[in-house]
Amino acid sequence: MNLERIYHMLFNEVYPLYVKKAERKQRTKQEVDEIILWLTGYKDIETILSLNLNFKDFFQQAPNLNPNREKITGVVCGIRVETIEDFTLKNIRYLDKQIDELAKGKTLDKILRT
């Protein structure tokens with residue numbers, strides 16, 4: 001896995017893929033947005049998208065990473081998220097896992113670990 005390549009992927013290029021994945025399963029952009037805002041503490045998606053941040057900066061500059069994100073467990077891309085040590089990769093996989101859960105029909109309460 002090339003971490004530098006992953007770090008430099010632009011969030012605003014991946015975001016539409018998250019939305020498309022959710023919408024294919026009859027979920028909404030608003031639900032994707034709620035997950036992202038819950039995870040990162042950013043205030044609104046449009047501001048995030050306008051910043052043109054790569055994933056490394058997206059997570060390093062996140063105003064308030066939700067401490068409950070550590071309750072997210074399971075496998076994404078064949079790797080157990082709770083065993084990932086790299087800060088950026090772990091947070092990317094948390095987000096991936098939550099979007100997967102949304103697409104699989106889980107309720108937002110469960111996805112947001114409330």
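1. Asn 66 sits in the loop that runs between helix H5 (55–60) and strand S1 (75–76); helices here are DSSP runs of H or I with at least four residues, strands are E runs of at least two, and both are numbered from the N terminus. This is a predicted model, where local features need pLDDT of at least 70, side-chain atom pairs count only at pLDDT 80 or more, and totals for chains, interfaces and linings use all residues. Residues are numbered from 1 along each chain as its sequence is written, and side-chain values use heavy atoms, with hydrogens and water left out.

2. Buried or exposed for Asn 66? Buried, at a relative accessible area of 13% (buried means under 20%, with a 1.4 Å probe and protein chains only).

3. The Asn 66 side chain gets to the backbone oxygen of Trp 38 at 3.3 Å, and a polar atom of that side chain lies 2.8 Å from the backbone nitrogen of Asn 68. Leaving aside residues up to four places away in sequence, Asn 66 touches Trp 38 and Leu 39 (heavy atoms within 4.5 Å).

4. Now the helix pair. The axes of H2 (residues 11–24) and H3 (residues 29–40) come within 8 Å and cross at roughly 130 degrees; axes are lines fitted to C-alpha atoms over the stretch in contact, with angles from 0 to 180 degrees between N-to-C directions.

5. On the H2 side, the contact uses Phe 11, Tyr 15, Tyr 18, Val 19, Ala 22 and Glu 23, and H3 brings Lys 29, Val 32, Asp 33 and Ile 36.

Technical notes:
Buried means under 20% relative accessible area, exposed over 50%, partly exposed in between (1.4 Å probe, protein chains only). A polar contact is a pair of N or O atoms within 3.5 Å; within protein, one must be able to donate a hydrogen and the other to accept it, and residues adjacent in sequence count only if both atoms are side-chain atoms.
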